[in-house]
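Colleague: I'd like to go through this model with you. Can we start with how the chains are arranged?

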Number of protein chains: 2
Amino acid sequence: MISYICLVGWFTVQTMTMNMTRPTLLLDSYQCRRNLSHMVSKARQHNLVFRPHFKTHQSVKIGRWFREEGIEKITVSSVEMAQYFARDGWRDITIAFPLNINEISSVNELAGGVDLHLTVLNKESVEALNHSLQHSVGVFIKIDTGAKRTGIPYHQTEEIAGLKQQIERSPVLHLEGLLTHAGHTYKAGSRDEIIQIHKETRDRLVRLRQHIQREGEELLISVGDTPSSALAEEFENIDEIRPGNFIFYDLQQYHLNACSINDIAVALACPVVARHKERGQIIVYGGAVHLSKDTFLEGSSRVYGYGVIINEKGWIVPEEKIIVSGLSQEHGILNVSPYMLKRIVIGDFIGILPAHSCLTANMMGGYADVEGNVYDHLSG
Amino acid sequence: MISYICLVGWFTVQTMTMNMTRPTLLLDSYQCRRNLSHMVSKARQHNLVFRPHFKTHQSVKIGRWFREEGIEKITVSSVEMAQYFARDGWRDITIAFPLNINEISSVNELAGGVDLHLTVLNKESVEALNHSLQHSVGVFIKIDTGAKRTGIPYHQTEEIAGLKQQIERSPVLHLEGLLTHAGHTYKAGSRDEIIQIHKETRDRLVRLRQHIQREGEELLISVGDTPSSALAEEFENIDEIRPGNFIFYDLQQYHLNACSINDIAVALACPVVARHKERGQIIVYGGAVHLSKDTFLEGSSRVYGYGVIINEKGWIVPEEKIIVSGLSQEHGILNVSPYMLKRIVIGDFIGILPAHSCLTANMMGGYADVEGNVYDHLSG
């Protein structure tokens, strides 16, 4: 499919041997594997079970890199995603999204073939599982340690203990532990604040476990966001981490100090379709249906952007930082200096680092690396 | 596929005979056809060529409703979309997106089978077409009448006249007219402002045409946004309209006064997965990968939202207006009163009117109507 050499103008990756004609999500496979190996080492060093979240890449082919690193346990965010990876031989899968009881027959089918772990936070889910499951599954109680999205608030110990008892009485469920996603790290203002949230999350879960755990029982503690997993260095009492975004990183992570700009391993290549000298803008074929409408907050200038341009010398942000300042369905708008406007010509491909790589990958439904290999995505 | 009766709790469409288990984009096919028939009548009444934009629905099956109304000319926003509809027998297609010269071989292939119209705004595109096209195509010069996205600014008459001459010298191109998208109507503060923009757009194009048109020449004027097409009543000197969104409408259009809330013809049905009494929120399975992260601006409260809940009596916004206030990859967050919190139970399906229906349809990749019929989408 990707066969012959094509110069891509301003965004020239020297080794690129691709025939790109449309917006294409480029993967820096070398950087992906570096990001992966770094996180694998970190988990090993802290004696943690590493159960990476596959919702970022959603790719069987990329998933195999994890397997080559010895990883056997994974996290997904939907039943469909669990099925997708089960078909590629993954046999130990946590669905880290509150159980959707409408999908219980698919859950049951899945549980017949893999070691399945579910996330529950209410009695209705346990009742539905008791009623319909024919295979045994593990469950984690979802705890809200401060993110205020889903999970029983950590301080509602009675409610948590009640749910625990209900699970223990179930003939098909076995309680495995407490699971949280400290998603409030994404709103943190600094590296220190992320580490603070991580510690607080850990302490809240540990105290909760002490409170509800019977003698001899060993409930696991599973945590998971990429900012904490990337920045924290203290994981005592934590059993498992589930970061996902780290495989690609993105501008949101960069502005959280969770990665360097060079760690970002995906870029959307977009053809230039218009140049507007009169207002210093170029327009690329690459809009909301390619990048997604998620934004990053450029800290110093308090400006929201959808992406940032990289230059032709590699995936480096040039001195003149060019931000994708506007997006409609298929158009991306870049403000550029007269100097850059002269260098960029119609038909060039411009490389854009995404604000949120999980969503960009989901929009694009596939990847290509600079060696010309293509990669699947569940949505493709 | 959709086979047996399933009660969908709070969001009960009485006649629904669907087996929904996951987020599903529901289509009110009756309302779609009403929206369509209304726009067809309006175009007819004003003696306009109606060339609807298919980028909103991107569906062969929905496209056939247009054909039943006698429509033969359509607009799309990508080469891929043109190919998709050409395969269903559409033979007169305008690609209303600046030509991406990297796709010229696909454009050429397409031009061999359909009456193709392209949008150009620079000499590079004309040169590329001259160099590679083996079939004749029509072209429109893209004019910017104030939206500041793409198009040559309407007052740069020399540049426009120069491009016109270049096109006239081409052996493969024939100039058809001036095309604009007055996208600044989407930022208008009132109905009057939209009508004002529409008139100004028309006047600018008419003056431009007078300036550059030779004697005997008849350049067409093609305009296209849904707010103008829905609200304006004066179309003198305009030849063609290309609205797209009107087939579904959405909350952005509603807040622009371009439609009533009852005109909105798509709703995302999302399963309830968590209830949070302590903070008055429910969480649905339906996030950025389903709704898209586009927002509407709730005028009175100046609050941005991702969607609005409809009630079980039909697609009506209940007295207690519930806004989707937060979205992550798969989660949607709704703030609800204690009264509503009691009525909504785990497993219910909640119907959500989208902020921007084009993007929601693109995310979902397909539709189902309440009679149980399913509909394709190019991205599905």
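Modeller: A definition before that: copies are superposed by least squares on the C-alpha atoms of residues with pLDDT of at least 70 in both. This is a predicted model, in which local features need pLDDT of at least 70 and side-chain atom pairs count only at pLDDT 80 or more, while totals for chains, interfaces and linings use all residues. Residues are numbered from 1 along each chain as its sequence is written, chains are lettered from A and ligands numbered from 1 in the order in which they are written, and side-chain values use heavy atoms, with hydrogens and water left out.

Colleague: Which rotation superposes chain B on chain A?

Modeller: A rotation of 180° with 0.0 Å of shift along its axis, giving an RMSD of 0.0 Å. That is the relation of a two-fold axis.

Colleague: Which residue of chain B comes closest to the rotation axis?

Modeller: B:Lys293, with its C-alpha at 2.7 Å.

Colleague: And why do the copies meet through the same surface?

Modeller: Because 100% of the interface residues of chain B are also interface residues in chain A.

Colleague: Rings next. How many aromatic pairs are there over all chains?

Modeller: A search of the whole structure finds 18. Rings of Phe, Tyr and Trp (its six-membered ring) pair if their centres lie within 6.5 Å; planes under 30 degrees apart are stacked, over 60 edge-to-face, and the rest tilted. B:Phe66 and B:Phe246 make an edge-to-face pair, 6.4 Å centre to centre with 70° between the planes.

Colleague: Which parts does that pair tie together?

Modeller: B:Phe66 lies in helix H2 (residues 60-68) of chain B and B:Phe246 in the loop between S10 and H9, so the pair ties together parts 180 residues apart in sequence. Helices (H or I, at least four residues) and strands (E, at least two) are DSSP runs, numbered from the N terminus.

Colleague: Are B:Phe66 and B:Phe246 buried or exposed?

Modeller: Both are buried. Buried means under 20% relative accessible area, exposed over 50%, partly exposed in between, with a 1.4 Å probe and protein chains only.

Colleague: Where is B:Thr185?

Modeller: In the loop between strand S8 (173-179) and helix H7 (191-212) of chain B. B:Thr185 is buried, at a relative accessible area of 0%. Leaving aside neighbours within four places in sequence, its contacts (heavy atoms within 4.5 Å) include B:Ile194, B:Asp225 and B:Leu256.

Colleague: What about B:Phe248, buried or exposed?

Modeller: Buried, also with 0% relative accessibility. B:Phe248 lies in the loop between strand S10 (240-241) and helix H9 (251-255) of chain B.
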